[in-house]
Amino acid sequence: MLDLARTLRVVAALLRVGLSAALQYRADFLLDAVLGVLRASAAVGPTVVLFSVREQVAGWTAPDVALVLGFYLILQALMSGLVEPNLGEVVEAIRSGNLDLLLLKPVDAQLLVSFRRVQPAAIWDLLGGLAVLAWAGWQRPSPGWGAILVAVGLLPPGLAAMYSLWLLAICTSFFFVRVDNLRYVLGAVVDAGRNPLVVYPPWMRVILTAVIPVGLITTFPASALRGEGGLSLWVLAMGIAVGFVIASRAAWLRSLAAYTSSGS
Amino acid sequence: MIRTEDLTKVYRVPIREPGLWSSVRSLWNRKWREVRAVDRVCLRIEEGERVGFLGPNGAGKTTTLKMLTGLLHPTSGRCTVAGFQPAARERAFLQAITLVMGQKQQLLWDLPASETFALNRALFDVNRQAFAETMEELVALLDLEGFLDQPVRNLSLGQRMRCELAAALLHRPRVLFLDEPTIGLDVEGTLQVRRFIRDYNARTGATVVLTSHDMQDVAAIVDRLVLIDRGVIRFDASLEQFRREFGTGRLLTARVGDEVDLGGVGLARERGIWTGTFPAEEVNGRLAEVLRRAPGAEVTVADPPLEEVLARAFGAARSGRAP
């Protein structure tokens, strides 16, 4: 219990400092806000165009797809706000040997590398995602509290799985010097999560659920709100998330043991 | 406080001949070489000691320091620091030590140093009262007043290093590992850092382990010297013993009137000044003789420069003459 309180204090201190650092550059913050709005619009654009000529895609209506899109934008907000800034930072710290200074703190190093940087402008993506979800909710019949509960309950395992995927990507930078391209590849695959999984061939659905688990946090909650799957979706998502968390933690500890620092 | 037994670190580094073809070939047929960065190092450092690791680039000083701080896992051998095995990186161990690296910084670049201090307070779980007391003390000792509210990127190198020291000592560690702490600093900054480290050791009784290329740093901060070369300890004793062992003696210099001849005392005249180097046990007798022959002479007795002594020590170590 004491440890949890301390962990929360550490995370709060890290986020506070990360936020202060990001707000030092006012112009960047404003520019990122504009870019955030553009990103959200660009994400919605293709769906709007598609549904202006069709009523349904694989049984999914425009408001159904908007649910997926809304969850996708929320995921993007969390990734660009909390995850991606730290990815760049850690990769550089490993390369330069500055990770040394983080490893000397009496706090789990994984926690330190995960919350050092914050991109506050991601709040615009988050608001965009919530707006799209609100629109979809307005257009659709009420899904019922049970479905809403399952959808909300799917967010933690989905986020945990995506965070773990990110951590696995970081672990590769302990062994390879250039992993920047991995970020772009991951970003491109995660983009596929903006559409319902049902539009993809079966093999790709498996990949987007169990390998790059973006489906867990986009299509899964949307399906729950459509009244599909129910609790079994949540059980499946939890199973996949637990697997990812265990694998990424093991990879992180193994990578730390192999860390060679850099010359003085 | 610090014990090592046959501490060894072996790196595996890729080797490749120059040229495009060897680059292509190394894609599927990479050759490796083992480098023994630290080779069976045995050390015993007591609480409160100030010890300097000295050696040329690539000697193994920093690798040893990184194993003692738990950043690197030893290939073989054992080490304990304050009763802990560093590689296990237990929280109590990390609370007990600190590492300051002259070439790396923990200060948050875009924010005032006070933000880093506040973050470290949370990370090291220092209570508010202890934090306020330590901060007050460090601000006074390191003369930090006046620039704590400026972004770190706007500080001079000397100001940054003083803030680095404060950030590293907020949790009152019992063991200080300092890796080239004065590198790049100007004269005033260097003196300030050296004075602070000595004072900190005297006030708190903390153990200080320093690596440096700067002989003056070593002479000013430590009282025990560990000479490392090619991963092996070549010499481990007090600074005085080091001078006695490898110094050619003490340098006697005398300014006297033109009519006085000190050739008979064993001194030689160069540009109007008589000088001579003698073993420590002889120098007092020679000095007395100079003063007998020229009572008004201006005489100095000094140690030879430490750089000279060090060069001699490494020469002796490599030819197998070191003790």
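1. Let me start with B:E289, which is partly exposed in this predicted model. Its relative accessible area is 22%, and because buried means under 20%, this residue falls outside the buried class. The side chain of B:E289 meets that of B:R292 in a salt bridge, with 2.8 Å from N to O. B:R292 counts as exposed, at 58% relative accessibility. Both residues sit in helix α10 of chain B (residues 280-293), three residues apart, or about one turn of the helix.

2. Over all chains, a search of the whole structure finds 27 salt bridges.

3. Which two chains does the pair B:E115 and A:R16 join? Chains A and B. The N to O distance is 3.3 Å. B:E115 is buried, with a relative accessible area of 18%, whereas A:R16 counts as partly exposed at 41% relative accessibility.

4. One more pair deserves a glance, this time within chain B. B:D39 and B:R36 form a salt bridge whose closest N and O atoms are 3.2 Å apart. B:D39 is buried, at 14% relative accessible area, and B:R36 is partly exposed, at 42%.

5. Now to a sheet in chain B. Three strands make an open sheet in the order β2-β1-β4, paired antiparallel.

6. The pairing can be followed in more detail. Strand β1 (residues 2-15) of chain B and β4(B) run antiparallel and share five bridges. Opposite B:C79 in β4(B) you will find B:T4. Helix α2 (residues 61-68) of chain B packs on the sheet and touches β1, β2 and β4 of chain B, with its direction at about 120° to that of β1(B).

7. The largest nonpolar core holds 160 residues, and A:L99, B:F117 and B:F177 touch the most other members. Helix α3 (residues 62-96) of chain A gives the most to this core, with 17 residues. A second, separate core has 12 residues, among them B:L252, B:A254, B:L267 and B:F278.

8. Leaving out residues up to four places away in sequence, B:F177 touches residues including B:I2, B:L65, B:L68, B:V81, B:L99 and B:V209.

9. Finally, some overall figures for chain B. The chain has 11 helices and 13 strands, and its C-alpha atoms fill a box of roughly 70 × 60 × 40 Å along the principal axes. Buried residues make up 50% of its 323 residues. Of the contacts in chain B with a separation of 6 or more, 70% are between residues 24 or more positions apart. The accessible surface of chain B is about 15400 Å², with 48% of that belonging to carbon and sulfur atoms.

Notes:
Residues numbered from 1 in each chain as written. Chains lettered and ligands numbered in written order. Predicted model: local features only at pLDDT ≥ 70, side-chain atom pairs only at ≥ 80, totals over all residues. Heavy atoms only, no water. Core = buried A, V, L, I, M, F, W, Y, C linked by side-chain atoms within 4.5 Å. Buried < 20%, exposed > 50% of the residue type's maximum accessible area, 1.4 Å probe, protein only. Helix = DSSP H or I, 4+ residues; strand = E, 2+ residues; numbered from the N terminus. Contact = heavy atoms within 4.5 Å. Pairing = 2+ DSSP bridges. Axes fitted to C-alpha atoms, helices over the stretch in contact; angles between N-to-C directions. Areas by Shrake-Rupley, 256 points an atom, 1.4 Å probe, with all protein chains shown as cover. Salt bridge = Lys/Arg side-chain N within 4 Å of Asp/Glu carboxyl O.
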